[in-house]
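Visitor: I have a sequence and a model open on my screen, and I'd like someone to walk me through them. Can we go piece by piece?

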Amino acid sequence: DSLDSDPYRPNFHFTPKEKWMNDPNGLVYQNGQYHLFFQYYPDSTVWGPMHWGHAVSKDLLNWKEKPIALYPDSLGYIFSGSAVIDKNNTAGFGQDAMVAIFTYHNPEIEKTGSEKFQTQGIAYSLDEGETWTKYKGNPVIENPGIRDFRDPKVFWNEDLEKWQMLLAAKDHIEFFESEDLKDWKKLSDFRFNDQPELGVWECPDLFELQVAGSNEKKWVLIVSHGGESSPNGGSGTRYFVGEFDGKKFTTQQKESQWLDFGTDNYAGVSFNNVPDGRRIVIGWMSNWNYATTTPTKDWRSAMTLARELELMKDDRGYILKTTPVRELASVSKNIKMEQNTTEKGLEIKSEELSNSIISFEIDNPEGFNLVLANDSGNTYEIGYKDGTFYTNRKNSGIVDFNEKFTEKEPQKIPLGDLEKMKLKLIIDKSSIEIFLNEGEYAMTNLVYPKSPWNTLKIEHDENTKIKDLKTQKVNLILANA
Ligand code: FRU
């Protein structure tokens, strides 16, 4: 397949040129470039011995894939983790060294039946991630006897002038601190005694955000869960809003809150060292339920768009809003799409729909149903009825590659009654990202239509009004060029 004849290769989402990819790793900014490392297996389009792939971007949209950064070694495969810039040379690897902190997964130890097969290691690069040296003293954190002990996120705590780490330990989070990235001291555990059926804890992140429109600051803890945890099935990511005193994270929150209600946003973590202070996350746009069987050929998996996080507070409590990064505006332009009014609503026709951003407002949204369609008779539905927002991909094209793909359709978000709704749909060749009310809710779904979308039809209840419809085209045809 040549890249542009591949029907499912996204136009503006990162995919590896070839082979298997999962979690984003080591997200870090240095000298004008965003670095995206990722779980990568260069020998197959399904998961295998993990490496860290690498790509760089100036705008979080146009990426350039680089040589593989980290290869497995005698201590194990290279599982997920983070990267920091060591400005004060605390580790002694060199001024401004890029240091990766990752999990070693040792299959040999796993085979012996021991639980201690995951440890933490570090490596450094003095040339912006091109070449890497593993630290001789690895592992820097031994396994304490917990079989899932992984995905270290490290950040520099400005106030304490210390490195802080959190990692996922089976069914809780563990916190550590260090002066030099080598010697780590355990600080505390965070547990949340709900839903015992929640799958294994993975890929945590922790950062402080200012509450919009106030001086209040809060810490946000993010954690991904395997199994059938997420609201609409399979793996998903939730968050907690609370306090972190440099040692311990606490929250008053009583229930789980979800970063995304769709099936296809997992293992998301945020960039370190972003100069303008924005908190930017990228997630893996798939789901362990069916990730290895999606109908793409030479490559597998894409990343979500980079998204900015903002914390807001209202009578529902704290809400972590996610919106696509503002850089998206610089690669999109308004275009006219043919528009017809129908008996019950309106219809848009355009060959650009599979590469578009459609936004509108809905006044008095009692009920509406939006159908994205193509010439092959495939449909993807979005709607709102009886206080519930939903999407449905049951008839969206190729769906039979895995029974789990449509097992829980329609996917739902319980919203309650609303006076107004704002919708932004970001449509690429094999994905739809929905941002509701400026990102108060997000829904990310993979889809494999048999031909490009070319019709969008909205039908609505009598009292419901659609207004401020904006149609845009994204001017990017290959995110990894
Ligand atoms: C999450 C995850 C991580 C692990 C990695 C292995 O998707 O299971 O916990 O480090 O993938 O590839």
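Visitor: Let's start with a pairing. Which residue in E19 does Tyr-266 stand opposite?

Guide: Keep in mind that this is a predicted model. Strand E18 covers residues 266-270, and 3 bridges join E18 to strand E19, residues 280-284, with the two running antiparallel. Tyr-266 sits in that pairing, and the residue in E19 that stands opposite is Trp-284.

Visitor: And how many of the residues of E18 are buried?

Guide: For the protein, buried residues make up 46% of the 481 residues. Strand E18 is mostly covered, and its buried count is 5 of 5.

Visitor: Zooming out, what radius of gyration does the protein have, and what would a compact globule have?

Guide: The C-alpha trace spans about 70 × 50 × 45 Å along its principal axes. A compact globule with 481 residues would have a radius of gyration near 23 Å, and the protein agrees with that, at 22 Å.

Visitor: What is it built from, in helices and strands?

Guide: Among contacts between residues at least 6 apart in sequence, 60% join residues at least 24 apart. As for the elements, the count is 1 helix and 35 strands.

Visitor: How far apart do the C-alpha centres of domain 1 and domain 2 lie?

Guide: Domain 1 takes in 3-326 and domain 2 takes in 329-474. They do touch: 34 residues of domain 1 are in contact with 32 residues of domain 2. On the domain 1 side, those residues are 13 nonpolar, 15 polar and 6 charged. The C-alpha centres lie apart by 30 Å.

Visitor: Which strands each supply at least two residues of the shell around the ligand?

Guide: Residues around the ligand include Asn-22, Phe-79, Ser-80, Arg-150, Asp-151, Glu-202 and Cys-203. By class, the shell has 4 nonpolar, 4 polar and 4 charged residues. The strands that each supply at least two are strand E1 (19-30), E5, strand E9 (149-157) and strand E13 (201-210).

Visitor: Last one: Ile-146. Is that residue buried, exposed or partly exposed?

Guide: Ile-146 lies in the loop between E8 and E9. Leaving aside neighbours within four places in sequence, the contacts of Ile-146 are Glu-115, Ala-169 and Lys-170; the C-alpha atoms of Ile-146 and Lys-170 are separated by 7.0 Å, though the two are 24 residues apart along the chain. Buried takes 20 or more other C-beta atoms within 10 Å, and exposed takes 12 or fewer. Ile-146 has 17, so the answer is partly exposed.

Notes:
Residues are numbered from 1 along each chain as its sequence is written. This is a predicted model: local features need pLDDT of at least 70, side-chain atom pairs count only at pLDDT 80 or more; totals for chains, interfaces and linings use all residues. Helices (H or I, at least four residues) and strands (E, at least two) are DSSP runs, numbered from the N terminus. The radius of gyration is taken over C-alpha atoms; the globule rule is 2.2 Å times the number of residues to the power 0.38. Two residues are in contact if their C-beta atoms, placed from the backbone, lie within 7 Å. Two strands pair if DSSP finds at least two bridges between them. Domain bounds come from an automatic or database domain assignment. Ala, Val, Leu, Ile, Met, Phe, Trp, Tyr, Cys and Pro count as nonpolar, Asp, Glu, Lys and Arg as charged, and the others, Gly among them, as polar. A residue is near a molecule or strand if its C-beta atom, placed from the backbone, lies within 6 Å of it.
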